Structures are given as C-alpha cells and as structure tokens.
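Below is a short briefing on one structure. The points that follow are grouped by topic.

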Amino acid sequence: MSLRPPVLDEAALSSDQRSVFDAIRSGPRGVVEGPLRVWVQSPELARHAQALGAYCRYGTRLPPRLSELAILIVGADWQSGFEWHVHAPIGLQAGLDPRAIEAIRRGQTPVLDSETDQAVYRFVTELLTTRRVSDTAYADALRLVGLEATVDLVGILGYYTLISMTINAFEVPVPRGAEEPFGPAWTDPEPADAAAFRSPPRVGR
C-alpha cells in the first residue's frame, strides 16, 4: 500500500522544491505544513498555488470574518479535518460566533446576526450545493460586499476546495494529539463553546 500523505524529506529536496519551500516558509505563512507539503512534491504547482493562497488568505477585499466564514463552509462541505482544525480557531478570533462555527461543522444552518454574513453564507452554500448562484443571492452579495469582493469570494472558494481536495486525497492528518473534527470523537450533541477553539496551531494556509 502506498504511503499517504507522501513524505517530504527536507534534506533531499531538488533545487526547484527547495526554491518553492523557502518561498512559502519566508512568506506570510512562516511554515510549510499540511497540504502545502504535498504540493512541494510538484514544485511548479506549489509555486503557483501558494501564491494564489497567499492572496486568498491575506490579501482579498473581504474582511477576515467573512473570508473565514467561507473557508469553514468549504472545509465542512469536504469534511476536511486539517483545514477545519486550522481555521476554526481563526474564525473565532475573526469574530464568528462559536455556536455558528459548530453549526457549520455539523452541517446545520448557523444563526448569523449580520446581514452581510447571511449573504455570504447564502452565496457560498448555494454555489457549493447547487453549482449555481441565484439572482437574489448574487444581488445581495454585490450590494453588501461589492463586485471585487464577490470575485475574491469565489477565488477563496476555489482555492480552499483545492486545499480540501489535497487534504482528503492524500489523507493529510490533523496534527498529532489533535482530535479529528469530523470523526467519532466529535459526535457529542452538545454545542461547542469558545474554549474548543482557543488553541490555534501555526497558520499555514
């Protein structure tokens, strides 16, 4: 049986792998972990994907609360444990209600007080579930966040779908000692509180 995820030997990187590895580590992420270690196996893909990811994570027109809301919806849709493990704490720090985060993890509709949050949630869930966006959801997104941010939102969804597909295809695990957020240990019917999300790992996405 082939090993998943593939092992990245940092002492045996090719010159192309070393170049992109160092570019990721010296950038805003500060670390090469999770799915990015998989990408380094294909250094040209890694070079382009990590640049897109740096923009989607740090440079879009969306405020962090909205981008993290979108990222969590994608992570839950794919049941991508590593991505959820990283971004649930970030979403909390960005101002998302822990009850909303937990509802998204469980595949439930969260209670969102902000009209803008509701519009982003509707836009994202429609696109993921129906592969289309209704005129109403599209108009609300344009009205509340603007065209440029709506384009950025779709870019975030595409990038974090790639991240989640990489995690799932190559079976990238959550860090040692962490609980798998979509595994049996997370079936307690009681809603999580903020304490469940207060120990974020280093951010590598």
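Arg131 is exposed because its relative accessible area is 56%; exposed means over 50%, buried under 20%, and partly exposed in between, with a 1.4 Å probe and protein chains only. The residue sits in the loop between α7 (115–130) and α8 (135–145), and its phi is positive at about 65 degrees although Arg131 is not a glycine. This is a predicted model in which local features need pLDDT of at least 70 and side-chain atom pairs count only at pLDDT 80 or more, while totals for chains, interfaces and linings use all residues. Residues are numbered from 1 along each chain as its sequence is written, and side-chain values use heavy atoms, with hydrogens and water left out.

**Backbone**

- Gln79 has a positive phi as well, near 50 degrees, and is a residue other than glycine.
- Gln79 lies in the loop between α4 (64–78) and α5 and counts as exposed because its relative accessibility is 51%.
- The peptide bond from Arg4 to Pro5 is cis, with omega near -5 degrees; Pro5 belongs to the segment before α1.

**Fold and helix packing**

- The protein chain has nine helices and zero strands, where helices (H or I, at least four residues) and strands (E, at least two) are DSSP runs numbered from the N terminus.
- Of the 205 residues in the protein chain, 47% are buried.
- Helix α1 (residues 15–26) packs against helix α3 (residues 43–58) at about 20 degrees, with the axes 9 Å apart. That makes α1 roughly parallel to α3.
- Axes here are lines fitted to C-alpha atoms, for helices over the stretch in contact, and angles run from 0 to 180 degrees between N-to-C directions.
- Angles under 35 degrees count as roughly parallel, over 145 as roughly antiparallel, 65 to 115 as roughly perpendicular and the rest as oblique.
- The crossing of α1 and α3 is left-handed, meaning that the near helix is turned anticlockwise from the far one by less than a right angle; clockwise gives right-handed.
- Helix α5 (residues 81–93) and helix α6 (residues 98–105) have axes that come within 9 Å and cross at roughly 155 degrees. α5 and α6 are therefore roughly antiparallel, and their crossing is right-handed.
- Leu36, in helix α2 (residues 35–39), is buried at 0% relative accessibility.

**Salt bridges**

- There are 14 salt bridges, each a side-chain nitrogen of Lys or Arg within 4 Å of a carboxyl oxygen of Asp or Glu.
- Arg18 and Asp22 form one at 3.5 Å, N to O. They are about one helical turn apart because four residues separate them in helix α1.
- Arg18 is partly exposed at 28%, as is Asp22 at 30% relative accessibility.
- In helix α6, Glu102 and Arg105 are three residues apart, about one turn. Both are buried, and their closest N and O atoms are 2.7 Å apart in a salt bridge.
- Arg143 and Glu115 form a salt bridge with closest N and O atoms 2.9 Å apart. The pair links distant parts of the chain, Arg143 being in helix α8 and Glu115 in helix α7, 28 residues apart.
- Arg143 is exposed at 52% relative accessibility, whereas Glu115 is partly exposed at 43%.
- A network of salt bridges links Glu115, Arg122, Asp140 and Arg143.
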